[in-house]
Amino acid sequence: MSRVLTALQPTGVLHIGNYFGAIEPFLKLQDQGNENFLFAVDYHAITVPQDPETLRKNLLFATAVYLAAGVDPSKTTLFQQSHVQEHTELAWILNCIAGMGELERMTQYKDKAKGKGESVSVGLFAYPVLMAADILLYDTHIVPVGEDQKQHVELARDLAERFNNRFGFTFVIPKPQIRESGARIMGLDDPEKKMSKSAPSEKNYISLMDDEATVLKKIKSAVTDSEGTIVYREHRKGMANLMTIYSLMSGSSMSEIEKIFEGKGYGDFKVALAAEITAFLSPLQTKIKSYLEDEDALRQVLASGAEKAREIAAKKMTEVRKKIGVA
Ligand code: ADP
Ligand code: TRP
């Protein structure tokens, strides 16, 4: 049986890129009889400033989304990162074997640090080390993530190997699992970059909570090109992205989509795409709202998840402390 682990930042908006890049692939693995871990990484979230009340709300929102999407607490240990203190403890130890150079090479850090100069936080720099700790604490075999997180999982592998070489076998070497098609949904207003909640405009993404009118408005303003046909070509970045989204929402293949829209224009395609998205989102939204009605129940799910996680994490940390000579 494999251990599968992934995590998401509890930072408000979750978009369809998060859903298809992270949540859906996790659901598939959950139902394949693996041992699963899923958590909201609140200590990653605070690497950029967070309003405390909003963060608290977002943690419950994220939990409601996972449950609504189909995460089953009887199959998946669902928790909040900060509830298991071993994550930050192991991160410190890994900080002491990680090199400045390898962290400086992390693309996400380079992107996020841009323009911040010397004021960029140490937390943002060390972010991938905390992620490595998240993964290594649980002897994780498989880490389902979007393409953009592959480099971080590779760092976790490097740190695990380095630690094992220095102190004797301690950590399982984890493997990233990147979703093949739709692994990277691109921004609607800028298909050169991935869809992201931190994009400057809300027109960049479809939030899981967007209503029908908002979806239609955002899709109508999505970037296309001047070719006018609904034909999948990789270099047609905007259209390729919209067709990918259509395919993920409807389950239709690219050639089926091309057939449906043969002889039709972008207007028809966009209206149909918006309808597919709404048909997908609206039952999900109903479930999310119903989970949010009982906050105590959500907190209870997180508390019992943390209890299960802590049992494993505590054992691993006892071993790690011995190996490095502090116990
Ligand atoms: P964001 O860029 O919106 O802040 P995160 O960095 O919090 O998203 O990503 C959370 C998870 O969702 C990660 O596993 C990431 O790989 C995945 N993900 C984020 N954006 C996309 C996207 N546009 N397409 C596919 N997966 C994505
Ligand atoms: N850095 C990941 C992201 O932004 C979130 C994350 C933190 C994660 N710890 C993890 C993902 C451990 C997988 C495994 O998407």
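Analyst: A salt bridge is a side-chain nitrogen of Lys or Arg within 4 Å of a carboxyl oxygen of Asp or Glu. The structure holds 17 salt bridges. This is a predicted model, with local features needing pLDDT of at least 70 and side-chain atom pairs pLDDT 80 or more, while totals for chains, interfaces and linings use all residues. Residues are numbered from 1 along each chain as its sequence is written, chains are lettered from A and ligands numbered from 1 in the order written, and side-chain values use heavy atoms, without hydrogens or water.

User: What makes Glu 53 and Arg 56 a salt bridge?

Analyst: N and O of their side chains are 2.8 Å apart. The limit is 4 Å, so the pair qualifies. The two residues are about one helical turn apart because they sit 3 residues apart in helix 3 (helices are DSSP runs of H or I, at least four residues; strands are runs of E, at least two; both are numbered from the N terminus).

User: Why is Lys 237 with Glu 192 called a salt bridge?

Analyst: Their closest N and O atoms are 4.0 Å apart, and the rule says within 4 Å, so the label holds. The pair joins distant parts of the chain, 45 residues apart. Lys 237 belongs to helix 10 (residues 237-250), and Glu 192 to the loop between strand 5 (175-178) and helix 9 (212-220).

User: How is the protein divided into domains?

Analyst: Domain 1 covers 3-177 + 295-324, and domain 2 covers 202-289; the bounds come from an automatic or database assignment. Their C-alpha centres are 31 Å apart.

User: How much area do domain 1 and domain 2 bury between them, and on which atoms?

Analyst: About 1100 Å², with 85% on carbon and sulfur atoms. Buried area is the accessible area (1.4 Å probe) lost on putting two parts together, summed over both. Ile 16, Phe 20 and Ala 68 supply 49% of what domain 1 buries there, more than any other three residues.

User: How many salt bridges lie between domain 1 and domain 2?

Analyst: The count is 0.
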